[in-house]
Amino acid sequence: MDSGKRYCVIGAGTAGLAAAKRILETGAEVIVFEQTDQLGGTWNYTDSVGKDKYGLDIHTSMYQGLRTNLPKEVMGFPDFPIPEQKESYIPAEDILNFLKSYANRFDVTQHVRLEHHVVLVDIADTPKKWKVLVKNLPQQKMETFFFDYVFVCNGHYHTPRLPNIRNIELFEGKQLHSHDYRTPYHFKDEKVLVVGAGPSGMDLALEISKTALHVTLSHHTKEPFKTVFPANLIQKPDIAELTQNGALFEDGSQEYFTVILYCTGYRYSFPFLSNNCGVVVEDNYVHPLYKHCININQPTMTFIGLPYYVCAAQMFDLQARFCLTYYTGKKELPTKEEMLADMHEQMKLKWMQGCRKSQSHMMGPAQGEYYDDLARTADVEPIKPVMTRLHNESSQRFNDDLLNFRNDMFRIVDDNTFEEVVRNA
């Protein structure tokens, strides 16, 4: 057991709860700092946008009526699946309740300090220690803590990434990012331009079309979508430039809008990390990290949850087990040079396959290779292959039939196989 060590976990969302649970299993002490007033991270809904009552940026991107865009069968933890219910695609509230029951079941809740905002993480004067400056928000009081290890679990759906569009300042209508989207009723009778066709862009364009007069979805996806969109939703290529009341597109066409909604993703952001931590974010590439998690310059710091298009809870749990194999001394970390060489080799391969630097942490269909690499390297239990297979299958269905994919129902048969459940008429 690792009873002498102290761990800091930043964030009490899915990643932070998974990390804390695995840390507690080692017998070590853990404190989870959460700046909001409840655990669950981005699964918490609030009507508020902009700033909270303490003047901090609203963290969550949750909107009204959200149902998962992945089946619940791949969203649970390896040792704590989401409870059985008929539907595979379930409401956000069910995920939030699931995370709370997970935290209670494994005694994580008592280690979470709500409304505690991490201001600064720095190297302490004491050798091999981390100094963490935290603001107790209700008391408006600064507190200093010292830890042996830091797990950064603050998520990556909180700091909007806005595109660089020519004449963006000319447009006189309303402009907002999907981070501030809450309900389609705000778009009633509007002419809306949705920019970006990732999961949120596709989903929100469809939602908004139910109340808006007209919706245009602008994107650079080469493959045509198989989804048949409603009559008031059309697709356009990338924007060439904005005008006072609309946009010119790269195909030479022009449309007029009253609102622009940017579904252009998020930036990784760690404003609390001092320069001494040795991690930089460059065009959304967080480095230098060993296996997308361990800070190569300061290996007692790790990041849980950077990769995306993944089986999130399964991967967070695996990453935590991977890191703790080294932190508890079961295995010895490679040298700095070896870890850097591994990172460069992995990234070179990724970029050769056509990934842009901003997509360095994107997994998608290749996620299984990443999970197997983690499990093999640290000699820990791998993620069951059925998880990756069902995730990839359901992601394809999302792209192929946006209108109906949430009607699909699945059942896990064994570690390798899933089946579709026929819905009774």
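Is aspartate 342 buried or exposed, and what is its relative accessibility? Aspartate 342 counts as buried, at 17% relative accessibility, where buried means under 20% relative accessible area, exposed over 50% and partly exposed in between (1.4 Å probe, protein chains only). The legends below describe a predicted model, in which local features need pLDDT of at least 70 and side-chain atom pairs count only at pLDDT 80 or more, while totals for chains, interfaces and linings use all residues. Residues are numbered from 1 along each chain as its sequence is written, and side-chain values use heavy atoms, with hydrogens and water left out.

**View 1. Salt bridge between lysine 291 and aspartate 342.** The two side chains meet at 3.1 Å, N to O; a salt bridge is a side-chain nitrogen of Lys or Arg within 4 Å of a carboxyl oxygen of Asp or Glu. Lysine 291 belongs to the loop between β18 (289-290) and β19 (294-295), and aspartate 342 to helix α5, so that the pair links distant parts of the chain, 51 residues apart. Helices (H or I, at least four residues) and strands (E, at least two) are DSSP runs, numbered from the N terminus. Lysine 291 is buried, with a relative accessible area of 7%.

**View 2. Salt bridge between lysine 236 and glutamate 255.** The N to O distance is 3.9 Å. Because lysine 236 lies in strand β11 (residues 233-236) and glutamate 255 in strand β14 (residues 254-256), the pair ties together parts that are 19 residues apart in sequence. Lysine 236 counts as buried at 13% relative accessibility, whereas glutamate 255 is partly exposed at 21%. In the whole structure, a search finds 24 salt bridges.

**View 3. Aromatic pair of phenylalanine 151 and tyrosine 327.** Rings of Phe, Tyr and Trp (its six-membered ring) pair if their centres lie within 6.5 Å; planes under 30 degrees apart count as stacked, over 60 as edge-to-face and the rest as tilted. The structure holds 27 such aromatic pairs. Phenylalanine 151 and tyrosine 327 are edge-to-face, 5.9 Å centre to centre with 85° between the planes. Phenylalanine 151 lies in strand β7 (residues 149-152) and tyrosine 327 in helix α4 (residues 312-327), 176 residues apart. Both residues are buried.

**View 4. Aromatic pair of phenylalanine 410 and phenylalanine 418.** The ring centres are 5.8 Å apart and the planes stand at 80°, so the pair is edge-to-face. Phenylalanine 410 is buried at 4% relative accessibility, while phenylalanine 418 is partly exposed, with a relative accessible area of 23%.

**View 5. Charged groups over phenylalanine rings.** The charged end of arginine 6 sits over the ring of phenylalanine 147, 4.9 Å from its centre. Lysine 21 lies over the face of phenylalanine 106, at 4.5 Å from the ring centre. The criterion is NZ of Lys or CZ of Arg within 6 Å of the ring centre and within 35 degrees of the ring normal. Phenylalanine 106 also belongs to a cluster in which ring pairs link Phe77, Phe80, Phe98, Tyr102 and Phe106.

**View 6. Polar surroundings of serine 360.** Serine 360 lies in the loop between α5 and α6 (367-378) and is buried, with a relative accessible area of 0%. A polar contact of 3.3 Å joins its side chain to that of tryptophan 351; such a contact is a pair of N or O atoms within 3.5 Å, and within protein one must be able to donate a hydrogen and the other to accept it, residues adjacent in sequence counting only if both atoms are side-chain atoms. The backbone oxygen of lysine 357 lies 2.5 Å from a polar atom of the serine 360 side chain.
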